[in-house]
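I opened my notebook today with a new model on the screen. Come along as I write down what I looked up.

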Amino acid sequence: MNKRDTVKAALLEIVNEVAGPVEHLDEDQLLVDQLGLESLHLARLVAVLEMELDTDPFSDTLPITSVRTVGDLLQAYDPVVLPRLGAGEPS
């Protein structure tokens, strides 16, 4: 599993707990209004991803309040994830 898939899997796990069974996430889905996430869920997601990816893009470069959609979340981790994808990880 590549890093971007790790972000998607962690998000999907929390969404399944909050909203019930969901098989697929679209990048334009709103995290709060459509998927039912609250600030505590987002904080948990960031903590889980920090443990798994060893980084937190919201610590000093990007405000978490700027993340509204699944795509926004994936993009937030792209600067962290994409350079590592070219370093020998399967995509």
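This is a predicted model: local features need pLDDT of at least 70, side-chain atom pairs count only at pLDDT 80 or more; totals for chains, interfaces and linings use all residues.

Entry 1: Is aspartate 78 buried or exposed? I found a relative accessible area of 13%, and because buried means under 20%, aspartate 78 counts as buried.

**Entry 2: its partner.** Next I looked up which side chain pairs with aspartate 78. The side chain of aspartate 78 meets that of arginine 4 in a salt bridge, with 2.8 Å from N to O. I noted that aspartate 78 sits in helix H3 (residues 70–85) while arginine 4 sits in helix H1, so this pair ties together parts 74 residues apart in sequence. My reminder to myself: side chains of opposite charge can pair when their charged atoms come close.

**Entry 3: arginine 4 again.** I stayed with arginine 4 and checked its surroundings. Arginine 4 also forms a salt bridge with glutamate 27, where the closest N and O atoms are 3.3 Å apart.

**Entry 4: another pair.** How many salt bridges does the structure hold? I wrote down three. One of them joins the side chains of arginine 44 and glutamate 17, at 2.7 Å from N to O. Arginine 44 lies in helix H2 and glutamate 17 in helix H1, so parts 27 residues apart in sequence are tied together. Arginine 44 is partly exposed, and its relative accessible area is 34%. I also noted that salt bridges with shared partners join Arg4, Glu27 and Asp78 into one network.

**Entry 5: the whole chain.** I stepped back to view the fold. I noted three helices and zero strands, and from the N terminus on the elements run α-α-α. Of the 91 residues, 40% are buried. I checked contacts with a separation of 6 or more, and residues 24 or more positions apart account for 58% of them. The accessible surface comes to about 5500 Å², and 51% of that belongs to carbon and sulfur atoms.

**Entry 6: a pocket.** Rolling a probe the size of a water molecule over the atoms shows where empty space is left. I looked up the largest pocket and found about 170 Å³ of space in it. Which residues line the largest pocket? My list reads Leu30, Leu31, Val32, Asp33, Leu42, Ile64, Thr65, Val67 and Arg68. By class, I noted six nonpolar, one polar and two charged residues in this lining.

Entry 7: Most residues other than glycine have a negative phi. I found aspartate 54 in the loop between H2 and H3. With 65% relative accessibility, aspartate 54 counts as exposed, since exposed means over 50%.

Notes: Residues are numbered from 1 along each chain as its sequence is written. Side-chain values use heavy atoms; hydrogens and water are left out. A salt bridge is a side-chain nitrogen of Lys or Arg within 4 Å of a carboxyl oxygen of Asp or Glu. Helices (H or I, at least four residues) and strands (E, at least two) are DSSP runs, numbered from the N terminus. Buried means under 20% relative accessible area, exposed over 50%, partly exposed in between (1.4 Å probe, protein chains only). Contact means heavy atoms within 4.5 Å. Accessible areas come from the Shrake-Rupley method with a 1.4 Å probe; for residues, only the protein chains shown count as cover. On a 1 Å grid over the protein atoms alone, a cavity is a set of points where a 1.4 Å probe fits but cannot get out, and a pocket is an open set with protein on both sides within 12 Å along at least five of seven lines; lining residues have an atom within 4 Å of a point. Grid points are joined across faces, edges and corners, and a volume is the space filled by probe spheres set on the points. Ala, Val, Leu, Ile, Met, Phe, Trp, Tyr, Cys and Pro count as nonpolar, Asp, Glu, Lys and Arg as charged, and the others, Gly among them, as polar.
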